[in-house]
Amino acid sequence: LNADFVAKVRTLGCTVSGAAANGTIVGLDRKQPDWFLPYSILDLNGQAVEAPWMRPWPGHALWDCANNPRSRAGYLEYVKGLVDLGVRDIQRDDPSMNLNATNWGACFCPYCMTGFRAYLRQHADPRKLAEAGVTDVAHFDYAAYLRERQAPVGDEFARAPRDFLKDQFIRFQEQSTIEFHGWWRAELDKYARRHVPVSSNNGMTDFGPIHQLFDFYIGELSYSHATPEGLYEGMSRARALGKSQGVTMPLRHEATPTAEWTRRTRQTIATCYALGMHIEAPWDTYLPIHSETPARYFGQPEECADLFV
């Protein structure tokens with residue numbers, strides 16, 4: 001993706017979309033040891049945390065923190081760069097960020113601990129804080145509080161009971177994620193001097209407060225949801241929010257094409273059209289395969305082209 005390519009596409013009367021995700025940050029120096037630590041979500045012990053599906057990938061897959069000033073600045077520079085290339089809109093992958101990270105025992109970085117104190121002062125019931133043993137909110141360190149009580153670290157944190165403080169922490173991380181997306185989108189519109197439409201990958205299943213911040217949806221469609229009922233439900237939920245829902249081809253964990261997979265892909269394309277939805281052409285499509293080199297699907301025109309009109 002470069003300016004020359006975008007310009008050539010635009011001469012054809014088409015537009016180009018950019019893409020952003022966790023870790024798309026300007027200024028990363030992957031040659032440095034632990035290059036990811038200044039940006040990453042952290043567990044109770046200060047260790048960087050990766051999303052579960054990214055852990056089999058080679059190297060470290062950065063999941064940056066929405067409250068980290070360095071991450072925020074680098075991300076904003078990245079999306080500004082997409083606008084400079086001439087993209088019309090941006091697809092945002094994995095927008096749940098810090099809220100999702102609570103399922104993996106994060107983020108307990110210093111920025112999150114500072115932000116959590118401010119959140120508790122503004123939102124928490126003082127009586128419930130006192131019952132939890134928090135008497136000095138101004139100096140409260142939730143990470144230290146949990147370590148003193150030998151709380152589970154990492155993925156096990158999600159399986160611990162959701163007591164008052166944990167509930168407040170999850171709410172805080174959701175609010176942090178919402179604030180982050182509102183901030184960078186406002187800054188980007190100001191920089192571009194126009195509204196930059198941004199879609200999100202909602203998997204065609206997540207229509208919660210974070211995803212509602214985005215203009216429309218392009219969801220990675222799981223194989224099990226590629227049914228008439230699943231597609232209709234996803235379309236209906238998006239439409240109730242005044243948004244459009246697009247999807248990818250049905251994604252499988254095997255890369256070898258089968259007749260049944262081709263049939264379901266064709267049926268999905270036809271059903272999407274019937275429902276007034278859009279579907280990406282099944283070519284150069286990421287597949288959720290856990291290997292060192294995640295496979296991609298490259299469909300042949302004779303398999304599906306007759307359905308795209």
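Predicted model: local features only at pLDDT ≥ 70, side-chain atom pairs only at ≥ 80, totals over all residues.

1. Setting aside neighbours within four places in sequence, N98 is in contact with I41, W63, D64, C65, A66, N67, A106, C107, C112, Q173 and T177. The residue sits in helix α3, which covers residues 97-101.

2. Is N98 buried or exposed? Its relative accessibility is 0%, so N98 counts as buried, the cut-off being under 20%. The side chain of N98 also has a partner: a polar contact of 3.0 Å joins it to the side chain of Q173.

3. Q173 turns up again where two helices pack. Helix α4 (residues 110-123) and helix α7 (residues 164-192) have their axes 10 Å apart and meet at an angle of about 110 degrees, which means that α4 is roughly perpendicular to α7. On the α4 side the contact is made by C112, M113, G115, F116, Y119, L120 and H123; on the α7 side it is made by L165, Q168, F169, R171, F172, Q173 and Q175. Sorted by class, these come to 8 nonpolar, 5 polar and 1 charged residues.

4. You will find F36 in the loop between β1 (17-20) and α2 (69-85). Although in a loop, F36 counts as buried because its relative accessibility is 13%. Beyond its neighbours within four places in sequence, F36 is in contact with A48, H60 and L62.

Note on methods:
Residues numbered from 1 in each chain as written. Heavy atoms only, no water. Axes fitted to C-alpha atoms, helices over the stretch in contact; angles between N-to-C directions. Helix = DSSP H or I, 4+ residues; strand = E, 2+ residues; numbered from the N terminus. Parallel < 35°, antiparallel > 145°, perpendicular 65-115°, else oblique. Contact = heavy atoms within 4.5 Å. Nonpolar A, V, L, I, M, F, W, Y, C, P; charged D, E, K, R; others polar. Buried < 20%, exposed > 50% of the residue type's maximum accessible area, 1.4 Å probe, protein only. Polar contact = N/O pair within 3.5 Å; in protein donor to acceptor, adjacent residues only side chain to side chain.
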